[in-house]
Amino acid sequence: MMRSRNWTAIERLPDDPNAVKMTSTGYVRNGRHVRTVPRRVETRPERKSFLDRVLGR
């Protein structure tokens, strides 16, 4: 296991209400989340029933 004793201090964001905080899907400003990454919509093709696949229909 690697240990480092000279890590720098974590820079904290100011608690100012106008501060912008980045997230993995966008950013938060004034308590409101603004999405910059589109939602992933999965559309699966309709599957045949098991019996239809077995009978080759």
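In strand β3, the bridge partner of Val-28 is His-33. This pair belongs to a predicted model, in which local features need pLDDT of at least 70 and side-chain atom pairs count only at pLDDT 80 or more, while totals for chains, interfaces and linings use all residues. Residues are numbered from 1 along each chain as its sequence is written, and side-chain values use heavy atoms, with hydrogens and water left out.

**Overall composition**

Read from the N terminus, its elements follow the order β-β-β-α. Here, helices (H or I, at least four residues) and strands (E, at least two) are DSSP runs, numbered from the N terminus.

**The sheet**

The three strands form an open sheet in the order β1-β2-β3, and the pairing is antiparallel. Strands β1 (20-22) and β3 stand at the edges; each has a single partner strand, so one side of each is left without a neighbour in the sheet. On average, neighbouring strands of this sheet are turned by 25° against each other, with direction ignored. For such angles, axes are lines fitted to C-alpha atoms, for helices over the stretch in contact, and angles run from 0 to 180 degrees between N-to-C directions. Two strands are said to pair if DSSP finds at least two bridges between them.

Strands β1 and β2 run antiparallel and are joined by three bridges. One of the residues involved is Met-22, whose bridge partner in β2 is Tyr-27. A hairpin of three residues connects β1 to β2.

Strand β2 (residues 26-29) pairs with strand β3 (residues 32-35) over four bridges, again in the antiparallel sense. Tyr-27 has Val-34 as its bridge partner in β3, and the β3 partner of Gly-26 is Arg-35. The hairpin of β2 and β3 has two residues between the strands, and Asn-30 in this hairpin takes a positive phi near 55°.

**Surface and burial**

Of the 57 residues of the protein chain, 4% count as buried. Buried means under 20% relative accessible area and exposed means over 50%, with partly exposed in between (1.4 Å probe, protein chains only). The accessible surface of the chain comes to about 6,500 Å², and 53% of this surface belongs to carbon and sulfur atoms. Such areas come from the Shrake-Rupley method with a 1.4 Å probe; for residues, only the protein chains shown count as cover.

Phe-50, Leu-51, Val-54 and Leu-55 make a nonpolar surface patch of about 440 Å². Patches consist of residues with over 30% relative accessible area and no salt bridge; like charges are joined within 9 Å, and nonpolar side chains (Val, Leu, Ile, Met, Phe, Trp, Tyr) within 5 Å. Leu-51 lies in helix α1 (residues 50-55) and is exposed, with a relative accessible area of 51%.

**Salt bridges**

Two salt bridges are found in the whole structure. A salt bridge is a side-chain nitrogen of Lys or Arg within 4 Å of a carboxyl oxygen of Asp or Glu. The table lists the pairs.

| Arg-40 | Glu-42 | 3.0 Å |

Arg-40 is exposed at a relative accessible area of 72%, and Glu-42 is exposed at 55%. In the other pair, Arg-57 counts as exposed at 57% relative accessibility, whereas Asp-52 is partly exposed, with a relative accessible area of 25%.
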